[in-house]
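The following briefing goes through one protein model, topic by topic. Please keep the sequence and the coordinates at hand while reading.

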Amino acid sequence: MSRPAVDSAVERLCQLGLLEVAEGNEVFAIPPEVAIDRLTDLRLQQLHRELRGITQSHRLVEELRAAQRPGAFPTASIERLRDATAVRERIDRLTLFARREILSVQPSAEHGHSALLRALRRGVRVRTVVASEALNQGPTLSRIRSLAQYGAEVGVVDRLDEYMLVYDGRIAVVAEDATDASHDVLVVQEGGLVKSVRALFARVWDDARKPADVDHTVAVPAPTDDERQILTLMCQVSKDEAGARTMGVSVRTYRRRIADLLAALGAGNRAQAALIARERGWI
């Protein structure tokens, strides 16, 4: 690239907050996770400005029902998922990328249970509300107990007429029929509507009570010195042979320890394990 092109690109990236210029005009890139958050915030702000005129002074349910008509909202703001597989995959993906908080109102807590456990293991705050009658069902009670043991806050109400999930206060998933949310749900990314869904969750949460037969919060154990060393080596060396030599073990043992560590973290691969470990402050 020519020097003018480089200067222009650097200026644009600085405006976006992706580069920082120190004294002496030395340029530094910000961490990737911070960059993604900033770009996401910028896009959400743009969407909010574009749709602010549409969403003002309307009740939440009226807006969502209106969105079901073809062309009522841009697809970038509200998306309708009709297929059960698509709903499950989207919930799992949203849960995977949640960084701070997941709010859940589900009668039986059946959607995204495994993904929620992984989110809890990497330090995401989870609050979930279920219907009291669901705790009489063995599978539901087992799911709720496992979530609570890893730090989820659980509330119970006698009756649930809502189904909603809110991710980091930015994206919401809602269904008009709380008793059958396996398909036909709306994924909402417009800021005003998401705030309304979050406010609705707050009202449901305030009315909920702590279930007596669910044990809460078992602390996630800190890593051992060996586990911390493995996590560090995963980020520093590109070959297992080098990592095994550093630890003084065989390659097979080194790989087995990595597999055990990934399972303990609920990570699907090494990159995800490293991200979870960084979020917990382990490396």
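Which residue in β5 does serine 104 stand opposite? Serine 104 stands opposite threonine 128 in that strand. The model is a predicted one, and its secondary structure comprises 11 helices and nine strands. The protein has 283 residues, of which 41% count as buried.

- Among the contacts between residues at least 6 apart in sequence, 65% join residues that are at least 24 apart.
- The protein exposes about 15900 Å², and carbon and sulfur atoms supply 49% of that area.

**The sheet and its order**

- Seven strands form an open sheet with mixed pairing, and their order is β3-β9-β8-β7-β4-β5-β6.
- The edge strands are β3, residues 78-81, and β6, residues 153-157, each of which pairs on one side only.
- From one strand to the next, the twist averages 10°.
- In general, the strands of a sheet pair through backbone hydrogen bonds, either parallel or antiparallel.
- β3 pairs with β9 (residues 185-188) in the antiparallel sense over four bridges, and valine 188 in β9 is the bridge partner of isoleucine 78.
- Helix α7, residues 191-207, lies across β3, β4, β5, β6, β7, β8 and β9, and runs at about 65° to β5.

- β4 pairs with β5 in the parallel sense over five bridges, and leucine 103 stands opposite arginine 127 in β5.
- β4 also pairs with β7, here in the antiparallel sense and over four bridges, and methionine 164 in β7 is the bridge partner of valine 105.
- β5 is mostly covered, since six of its seven residues are buried.
- β5 and β6 pair in the parallel sense over five bridges, and valine 129 stands opposite glycine 155 in β6.

- Leaving aside its neighbours within four places in sequence, isoleucine 102 is in contact with Thr95, Leu116, Ala119, Val124, Arg125, Val126, Arg127, Val166 and Tyr167.

**The loop between β7 and β8**

- Aspartate 168 lies in the loop between β7 and β8, and has a positive phi of about 55° although it is not a glycine.
- Is aspartate 168 buried or exposed? Its relative accessible area is 14%, under the 20% cut-off, so aspartate 168 counts as buried.

**Helix α9 and the residue after it**

- In helix α9, residues 240-247, the buried residues are Asp240, Gly243, Ala244 and Met247.
- These four cover an arc of only 100° around the axis, which puts them on the same side of α9.
- Glycine 248 follows α9, and its phi is positive, near 75°.

**Isoleucine 283**

- Isoleucine 283 lies in the segment after α11, which spans residues 270-280.
- With a relative accessibility of 32%, isoleucine 283 counts as partly exposed.
- The C-alpha atoms of isoleucine 283 and cysteine 235 are separated by 9.3 Å, although these residues are 48 residues apart along the chain.
- Leaving aside its neighbours within four places in sequence, isoleucine 283 is in contact with Arg228, Leu231, Thr232, Cys235, Ala274, Ala277 and Arg278.

Definitions and conventions
Residues numbered from 1 in each chain as written. Predicted model: local features only at pLDDT ≥ 70, side-chain atom pairs only at ≥ 80, totals over all residues. Heavy atoms only, no water. Helix = DSSP H or I, 4+ residues; strand = E, 2+ residues; numbered from the N terminus. Buried < 20%, exposed > 50% of the residue type's maximum accessible area, 1.4 Å probe, protein only. Contact = heavy atoms within 4.5 Å. Areas by Shrake-Rupley, 256 points an atom, 1.4 Å probe, with all protein chains shown as cover. Arc of directions from axis to C-beta. Pairing = 2+ DSSP bridges. Axes fitted to C-alpha atoms, helices over the stretch in contact; angles between N-to-C directions.
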